[in-house]
Amino acid sequence: MQAVSEFDDWCGRVPGLVRVANRHWANFDSAEISYPDSDLAALEAIEPRSYWFAHRNAIIASVIRQHPPSGPIFDIGGGNGFVSQALAAAGFPSIVVEPDHSGALAARRRGLPVIEAAFQNLAVPSETLASAAMFDVLEHIEDDQGALDNLHRLVIPGGMIYITVPALVPLWSSEDVQAGHFRRYSSASLRRVLLKAKFEPVRATYLFSALTPAVFALRTLPSLVGLRKGGNTATNGGEHELPYGLVGRLMRKSFAREQATVDNGRNVILGSSLLMAARAVEA
C-alpha cells in the first residue's frame with residue numbers, strides 16, 4: 001500500500017470514508033476521545049526538539065527492525081504523525097489514523113498518508129491490515145480489551161502490532177488523570193490483554209528507566225499527598241529538554257544504554273514506559 005493508488009483503493013473500500021485531498025481521507029462522524037483538547041497542536045512544535053519523543057522513536061524503530069511488519073503500519077491514534085514520519089524514514093511505510101483535525105493536517109504536512117477518523121468508527125473489512133500500532137493510545141481507551149479484540153479481527157493472521165503505554169501502576173498520578181489515561185500497565189498486564197485478544201507477544205521492553213525515580217518523586221508522591229492537583233506536562237516545552245550539567249549527562253548515558261540493550265535484542269527491565277510487539281494468531 002505504499003503507492004497512492006493502493007492507499008486510495010483501500011480507503012475507497014471502507015464505507016463512510018471520503019477523499020478530501022491527496023492521500024487524505026476522512027470520516028467526520030463524531031466520537032468521544034479521552035484526550036485533552038488542543039494538545040496535539042501544542043505538541044507539533046515540541047516533538048522535533050524533545051528528547052522523550054526522539055528516544056521513544058529510536059526504541060520503536062529498533063524493535064520494528066527486529067520484528068518487521070509484512071506491510072504498511074496503520075498508526076492508530078497517530079497524532080501529528082511524528083512516529084510515522086520516523087518509521088517511514090527507517091523504511092517502514094505508515095498510515096496515520098487520527099480523529100483530531102489539527103493532528104491530521106500536521107501529519108499531512110509531514111508527507112504522510114492520513115485517515116482523519118476515529119478508528120472505532122471505521123467499518124474496516126476483516127483481515128485487511130498487514131500491521132497496526134498504537135503508540136501511547138491504549139491507555140486512553142476505557143475498554144482496552146474490546147479495542148484489542150476488534151483489532152485482532154482486522155489484522156491478517158501473522159500480522160504484527162506494536163504498542164507503547166505508560167508503565168507501572170505505582171507511578172499513577174494526577175497527571176495521568178489530566179492526560180485522559182484510564183490506567184498504567186505492567187509487562188504482565190499488557191501481555192494478559194494481548195493474549196486474551198489472540199495476539200502473541202514476541203517482544204516486551206521497558207524504556208525511560210532514568211525517568212522512573214523522577215516521575216515517582218515529582219508526580220506520584222505529590223499527587224498522593226494532595227500537593228499536585230493536575231496539569232499535563234506533555235505540552236510543557238521545558239519538560240522535553242534535557243537538564244544541563246551532571247543530571248543531563250547521566251540521562252543521556254542511560255538512554256544510550258537502553259538503546260544499545262534493545263539494539264542487541266535484549267530488554268530493559270524497568271522504566272516509565274513499556275513497548276510490546278505481538279503477532280496475530282488464529283482465533
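Trainee: In which helix is the place of Phe216?

Mentor: Phe216 belongs to helix α9, which covers residues 212-224. Helices here are DSSP runs of H or I with at least four residues, strands are runs of E with at least two, and both are numbered from the N terminus. This is a predicted model, in which local features need pLDDT of at least 70 and side-chain atom pairs count only at pLDDT 80 or more, while totals for chains, interfaces and linings use all residues. Residues are numbered from 1 along each chain as its sequence is written, and side-chain values use heavy atoms, with hydrogens and water left out.

Trainee: Why is Phe216 called partly exposed?

Mentor: Buried means under 20% relative accessible area, exposed means over 50%, and partly exposed lies in between (1.4 Å probe, protein chains only). The value for Phe216 is 34%, so the residue is partly exposed.

Trainee: Which residues form a nonpolar patch on the surface?

Mentor: Phe216, Leu221, Leu224, Val225 and Leu227 form this patch, with about 530 Å² of accessible area together. Patch residues have over 30% relative accessible area and no salt bridge; nonpolar side chains (Val, Leu, Ile, Met, Phe, Trp, Tyr) are joined within 5 Å, and like charges within 9 Å. The areas come from the Shrake-Rupley method with a 1.4 Å probe, and for residues only the protein chains shown count as cover.

Trainee: What makes the pair of Glu175 and Arg219 a salt bridge?

Mentor: A salt bridge requires a side-chain nitrogen of Lys or Arg within 4 Å of a carboxyl oxygen of Asp or Glu. The N to O distance between Glu175 and Arg219 is 3.5 Å, and their side chains meet in a salt bridge. Glu175 lies in helix α7 (residues 174-179) and Arg219 in helix α9, so the pair ties together parts that are 44 residues apart in sequence. Glu175 is buried at 8%, whereas Arg219 counts as partly exposed at 23%.

Trainee: How many salt bridges does the structure hold?

Mentor: The structure holds 8 salt bridges. Among them is the one between Arg109 and Glu44, at 2.9 Å from N to O. Arg109 lies in helix α5 (residues 101-109) and Glu44 in helix α2 (residues 39-46), so this pair ties together parts that are 65 residues apart in sequence. Arg109 counts as exposed at 56%, and Glu44 counts as partly exposed at 26%. Another joins Glu47 and Arg110, at 3.1 Å, and both of these residues are buried.

Trainee: In what order do the strands of the open sheet stand?

Mentor: The sheet has 9 strands in the order β1-β2-β5-β4-β3-β6-β7-β9-β8, with mixed pairing. β1 (18-21) and β8 (199-207) each have a single partner strand, so one side of each is left without a neighbour in the sheet.

Trainee: How do you know that β3 and β6 pair?

Mentor: Two strands pair if DSSP finds at least two bridges between them. β3 (residues 73-76) and β6 (residues 129-135) are joined in the parallel sense over 3 bridges, with Ala132 as the bridge partner of Phe74. β3 also runs parallel to β4 (residues 94-97), with 4 bridges, and Asp75 stands opposite Val96 there.

Trainee: Why is His152 called buried?

Mentor: His152, in helix α6 (residues 144-154), has a relative accessibility of 13% and therefore counts as buried. Leaving aside neighbours within four places in sequence, His152 is in contact (heavy atoms within 4.5 Å) with Ala197, Lys198, Phe199, Ala280, Val281 and Ala283.
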